[in-house]
Amino acid sequence: MIDDDSAVADGGEPTEPAKPRPPYSERPIARARQAKAQELIERLVAEGCVRITDPDDDEVAEWRRVVD
């Protein structure tokens, strides 16, 4: 049985618990994609159609993530 006062496996002192990660929606990448999605929606409302000409593979992947 292991209790809270036991030593760490490497013999050192127990470290402080890891801090919980923020929810995905609050992370920088998620916020950037949300902003791009909002911009896309605004363009669709204003223009009715949005065309992205000659996108490379990375750009296609990013837009798919934004739409998702």
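The secondary structure of the protein chain comprises 2 helices and 0 strands, where helices (H or I, at least four residues) and strands (E, at least two) are DSSP runs numbered from the N terminus. The model is predicted, so that local features need pLDDT of at least 70 and side-chain atom pairs count only at pLDDT 80 or more, whereas totals for chains, interfaces and linings use all residues. Residues are numbered from 1 along each chain as its sequence is written, and side-chain values use heavy atoms, with hydrogens and water left out.

Of the 68 residues of the protein chain, 9% count as buried; buried means under 20% relative accessible area, exposed over 50%, and partly exposed in between (1.4 Å probe, protein chains only).

Arg-33 lies in helix α1 (residues 28-47). This residue is buried because its relative accessible area is 18%. The side chain of Arg-33 makes a polar contact with that of Glu-62, at 3.3 Å. A polar contact is a pair of N or O atoms within 3.5 Å; within protein, one must be able to donate a hydrogen and the other to accept it, and residues adjacent in sequence count only if both atoms are side-chain atoms.

Asp-54 is placed in the loop between α1 and α2. Its phi is near 50 degrees, a positive value in a residue other than glycine. With a relative accessible area of 74%, Asp-54 is exposed. Asp-58, by contrast, belongs to helix α2 (residues 57-67), and this residue counts as exposed because its relative accessibility is 62%.
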